[in-house]
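This note is intended for a colleague who is meeting the structure for the first time. The points below move from the overall picture to individual elements and residues.

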Amino acid sequence: MINKRAIEAIEVSDTDELLRVIGGYCNAHAWDDLMELRIRCREAIGRGKQLWGVEEHIRYRLALEAPAAIAGPVVSEGQARFALGPLAEVAASTKTWPELSQYLAPGPDRRTVAAERVIRGDDVAEEIPDLPAVLMDWEPAYPIATYKADRVETPAPGWPLLAEVDLVDAPDVIEDPASEAALSDLVQPWVEESNGRCQTVTVSGNHLGAISALGLRVARTGLVSTKEALQWLGWVGASGGAHGRRRGAAAGRYLAWWVIAALADLDWPADPGEIGDAANGLKWHWFDDGSPDTGWNLRISVADPVGGLAWAVSASDSV
């Protein structure tokens with residue numbers, strides 16, 4: 001049973017005190033007390049107390065730190081709007097599929113947990129919509145988030161060594177709305193929910209023409225491998241940028257596949273072998289204009305040497 005200190009904090013909506021209580025319960029693994037505190041917070045919200053943030057933080061901590069028997073049902077309740085990330089990813093970051101699966105109700109959250117655990121190497125034996133339930137040999141180790149009590153750590157992949165290049169004076173810009181939309185989808189939360197900007201372009205030519213078509217007059221580029229490019233696409237697709245909602249590593253993988261399918265004009269859902277062949281047939285370059293990197297950035301140009309087309313995306317977000 002929760003103590004008098006917690007009850008009094010609820011009645012005066014003392015958020016700071018309640019966060020300290022929550023931290024103490026988590027440190028003591030007092031999960032029953034934490035669940036009772038959540039129930040009392042929900043009841044108080046119904047009486048007009050401004051404790052919705054506290055209640056969602058309790059859900060987040062239960063998904064992250066509580067045993068699977070508690071975390072699974074919490075995830076199955078659906079999204080937590082103000083959590084540091086999707087609860088399916090939060091739980092999957094600390095518990096395996098065998099631990100969680102028996103406690104997850106059928107539905108989209110269960111499938112998302114399964115997809116998150118695929119990225120972390122589990123054999124889930126579960127249907128993952130549109131994607132195989134195992135990493136392909138041509139896929140990278142996708143970047144994954146590390147969740148803490150008060151923050152989430154999502155380090156970006158490294159970029160290659162860059163060298164100055166001569167850009168194309170008059171790039172042959174063409175229309176390819178499907179491919180450009182897929183590239184823009186990677187950073188949708190940056191643009192729609194934060195301070196981000198995104199520019200995409202398609203040209204007939206090579207990656208230098210695509211970079212020029214963005215309006216750059218000077219540039220540095222560096223070749224990246226297919227796996228490195230997919231790591232970047234996955235990291236960006238998972239990210240919410242400075243203020244947007246994080247979508248999770250499973251969403252990042254999905255969006256990376258979606259980009260490849262769009263660039264290669266493949267039907268969706270696409271055959272994994274065809275996606276791999278298409279990804280490996282493209283030439284990927286990271287680029288910049290020499291300015292210092294700040295915030296969240298995506299600057300990739302990709303060329304199809306066989307089709308004679310190239311695309312570039314330049315996106316950024318900042319606090």
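1. Overall organisation. Among contacts in the chain between residues at least 6 apart in sequence, 66% join residues at least 24 apart. The model is a predicted one. The chain holds 14 helices and nine strands, and 50% of its 319 residues count as buried. Along the principal axes, its C-alpha trace spans about 75 × 40 × 30 Å.

2. Pairing around strand E5. Strand E5 covers residues 197-204 and runs antiparallel to strand E4 (residues 172-174), to which three bridges join it. One of the residues involved is aspartate 172, whose bridge partner in E5 is serine 204. E5 also pairs with strand E9 (residues 309-317), again in the antiparallel sense, over eight bridges. Within this second pairing, glutamine 199 stands opposite serine 314 in E9, and valine 203 stands opposite alanine 310 in E9.

3. The hairpin of E8 and E9. Strand E9 pairs with strand E8 (residues 296-304) as well, in the antiparallel sense and over nine bridges. Valine 302 has tryptophan 311 as its bridge partner in E9. The two strands form a hairpin with four residues between them. In the turn, glycine 308 has a positive phi of about 75°.

4. Glutamate 89. The side chain of glutamate 89 makes a polar contact with the side chain of arginine 246, at 2.8 Å. Not counting residues up to four places away in sequence, glutamate 89 touches Glu116, Arg120, Ala145, Tyr147, Arg246, Gly248 and Ala249.

5. The structure holds eight aromatic pairs. One of them is formed by tyrosine 60 and tyrosine 147, which are edge-to-face, with 6.2 Å centre to centre and 65° between the planes. This pair links distant parts of the chain: tyrosine 60 belongs to helix H4 (residues 52-65) and tyrosine 147 to strand E1 (residues 146-147), 87 residues apart. Both tyrosine 60 and tyrosine 147 are buried. The reader may note that tyrosine 147 is also among the residues touched by glutamate 89.

6. In general, an α-helix has 3.6 residues a turn, so residues three or four places apart point the same way. Tryptophan 232 and tryptophan 235 are both buried.

7. Helix H13. How many of the 15 residues of H13 are buried? The count is 12 of its 15 residues, and the helix is thus described as mostly covered. Among the buried residues are Ala249, Arg253, Trp257 and Leu263; Ala249 is also touched by glutamate 89. At 1.5 Å a residue, the 15 residues of H13 should span 21 Å, and the end C-alpha atoms are 21 Å apart, which agrees. Aspartate 265, which follows H13, has a positive phi near 55°.

8. Helix H14. Which residues of helix H14 (residues 272-281) are buried? They are Ile275, Gly276, Ala278 and Ala279. These residues lie on the same side of H14, because they cover an arc of only 165° around the axis. What covers them includes H12, helix H13 (249-263) and strand E7 (283-288). At the N-terminal end, H14 is capped by aspartate 271, which has a side-chain oxygen 2.9 Å from the backbone nitrogen of glycine 273.

Technical notes:
Residues are numbered from 1 along each chain as its sequence is written. This is a predicted model: local features need pLDDT of at least 70, side-chain atom pairs count only at pLDDT 80 or more; totals for chains, interfaces and linings use all residues. Side-chain values use heavy atoms; hydrogens and water are left out. Two strands pair if DSSP finds at least two bridges between them. A polar contact is a pair of N or O atoms within 3.5 Å; within protein, one must be able to donate a hydrogen and the other to accept it, and residues adjacent in sequence count only if both atoms are side-chain atoms. Contact means heavy atoms within 4.5 Å. Rings of Phe, Tyr and Trp (its six-membered ring) pair if their centres lie within 6.5 Å; planes under 30 degrees apart count as stacked, over 60 as edge-to-face and the rest as tilted. Buried means under 20% relative accessible area, exposed over 50%, partly exposed in between (1.4 Å probe, protein chains only). The arc is that of the directions from the helix axis to the C-beta atoms. The expected span of a helix is 1.5 Å times one less than its number of residues.
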